[in-house]
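Welcome, and thanks for taking a look at this one with us. Please have the sequence and the 3D view open side by side as you read the briefing below.

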Amino acid sequence: MSLTYPAPRHAAPSAAASPAVSRHARAIAVWLLFCCGMVFAMAVIGAITRLTESGLSMVEWKPLIGMLPPLSEGEWNRVFDLYRATPEYRYVNAGMSLDEFKLIFFWEWFHRLWGQLIGFAFLLPFLWFWATKRIPKGLMPKLVGLFVLGGLQGGIGWFMVVSGLVDRPSVSHYRLALHLGIAFLIFALMLWVALGLLDPKPLSGRSAAAPSLRRHAGLALGFVAVTVAWGAFVAGLDAGMIYNTFPLMGGQLVPSDMWFLDPAPLNLVENHAAVQFTHRWLAIATGIVVLALSWRAVRADLSPRGHKLAYAAGAMMLLQIALGVATLLTIVAIPVAAAHQAGALTLIGLLVWFRYEVRAAGTPERAA
């Protein structure tokens, strides 16, 4: 079937149309996509840090100074003594040796180091683009907003860690969900801005089906976001360590210990069995929404890229469900669980890209 599109609306020439500005916009987009890649890696490193139970090994908050690990035996003993005063050591890792401590310390240190490297990777090119007047008009508030959000994320990370240093041997699963959610939000917003610079007027936005598909893609992103939040609850509560079968839980579709907390709604966010149950079925509901979007999109009069994105989103959704089931069946094997988190970010990236692809043709670069 041939694709036909209505003629684009007449628009007055703008500075963005000049070769120089287009070249600058492309350079900024490449930089933002590089930062997206770093955020993606950060999410995977964070998953490994969580899965290896390394997140509470560093009990001090020292931005910049903390980029260097302990460099002497005396410093290692000092930071180990600080860790031995924490609830996690007393209740979970009592008797841990210094060499064992060094293993978990590495992942938390690397996680924090990577976060600071992202800050430099964003700030230094930003300052150069700004000083050389290469930032297109209207883009500056978005870039400043992304930088502020990134700085806020560092503070949220410490806010999460502190929750596990006082009277409990683990971080608050609510704060963990907030930390993960902000990471995904930064990734999505940065990707959206980069796409706006690379392709201001995607062809699929001219399709008659575009408005409906935009709304559907927004719904799909909402479902994925809620499912990710419950996935963070599962991780924070170690709820993936129980009921490692699928689709039944303890031989039942609905586990018998799902409703023992009072009031009843509290079970959905505090009860291990109910949290896992909720995450499972949110994932299935999300799968239905995303696959329906993919089916509608491949039948619509979109550009070839729009069709490819629709196929990719549907395939990634199926793979992500499979990774979720595999995570359960392997009792949260670290490589599988880390791949599951990477899959969630990949799915969000594809849905953001698809929603951008079907945005209203000719509108300014924003969440249309």
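How exposed is arginine 84, by relative accessibility? Arginine 84 comes out at 36% relative accessibility, so it counts as partly exposed. Please keep in mind that this is a predicted model.

- Arginine 84 pairs with aspartate 81 in a salt bridge, with a distance of 2.3 Å from N to O.
- These two residues, arginine 84 and aspartate 81, sit three apart in helix H2, so about one helical turn separates them.
- Aspartate 81 is partly exposed as well, at 40% relative accessibility.
- Salt bridges with shared partners link Glu60, Lys62, Glu75 and Arg78 into one network.
- Within helix H2 (residues 73-84), glutamate 75 and arginine 78 are three residues apart, which means a separation of about one helical turn.
- The closest N and O atoms of the salt bridge between glutamate 75 and arginine 78 are 2.9 Å apart.
- Both partners are partly exposed: glutamate 75 has a relative accessibility of 27%, and arginine 78 has 30%.

- Across the whole structure, a search finds eight salt bridges.
- One of them joins arginine 50 to aspartate 238, where the closest N and O atoms lie 3.0 Å apart.
- Arginine 50 belongs to helix H1 (residues 19-51) and aspartate 238 to the loop between helix H7 (210-237) and helix H8 (267-270), so this pair ties together parts that are 188 residues apart in sequence.
- Arginine 50 is partly exposed at 22% relative accessibility, and aspartate 238 is partly exposed with a relative accessible area of 35%.

**Packing of H4 and H5**

- Helix H4 (residues 98-131) packs with helix H5 (residues 140-162) at an angle of about 165°, and their axes are 11 Å apart.
- Because the angle is over 145 degrees, H4 is roughly antiparallel to H5.
- The two helices, H4 and H5, have a left-handed crossing.
- From H4, the contact is made by Glu108, Arg112, Gly119, Phe122, Leu123, Phe126 and Trp130.
- H5 contributes Met140, Leu143, Val144, Leu146, Phe147, Trp158 and Val161 to this contact.
- Sorted by class, the contact of H4 with H5 has 11 nonpolar residues, one polar residue and two charged residues.

**Cis peptide bonds and positive phi values**

- Most residues other than glycine have a negative phi, and most peptide bonds are trans, so the following cases deserve a look.
- The bond between phenylalanine 246 and proline 247 is a cis peptide bond, with omega at about 5°.
- Another cis peptide bond runs from aspartate 262 to proline 263, with omega near 5°.
- Proline 247 is in the loop between H7 and H8, and proline 263 is in the loop between H7 and H8 too.
- Lysine 133, which is not a glycine, has a positive phi of about 55°.
- Lysine 133 is placed in the loop between H4 and H5, and its relative accessible area of 73% makes it exposed.
- Valine 332 also has a positive phi, near 60°, and is located in the loop between helix H10 (304-329) and helix H11 (334-357).
- Is valine 332 buried or exposed? At 16% relative accessibility, valine 332 counts as buried.

Technical notes. Residues are numbered from 1 along each chain as its sequence is written. This is a predicted model: local features need pLDDT of at least 70, side-chain atom pairs count only at pLDDT 80 or more; totals for chains, interfaces and linings use all residues. Side-chain values use heavy atoms; hydrogens and water are left out. Axes are lines fitted to C-alpha atoms, for helices over the stretch in contact, and angles run from 0 to 180 degrees between N-to-C directions. Helices (H or I, at least four residues) and strands (E, at least two) are DSSP runs, numbered from the N terminus. Angles under 35 degrees count as roughly parallel, over 145 as roughly antiparallel, 65 to 115 as roughly perpendicular and the rest as oblique. A crossing is left-handed if the near helix is turned anticlockwise from the far one by less than a right angle, and right-handed if clockwise. Contact means heavy atoms within 4.5 Å. Ala, Val, Leu, Ile, Met, Phe, Trp, Tyr, Cys and Pro count as nonpolar, Asp, Glu, Lys and Arg as charged, and the others, Gly among them, as polar. A salt bridge is a side-chain nitrogen of Lys or Arg within 4 Å of a carboxyl oxygen of Asp or Glu. Buried means under 20% relative accessible area, exposed over 50%, partly exposed in between (1.4 Å probe, protein chains only).
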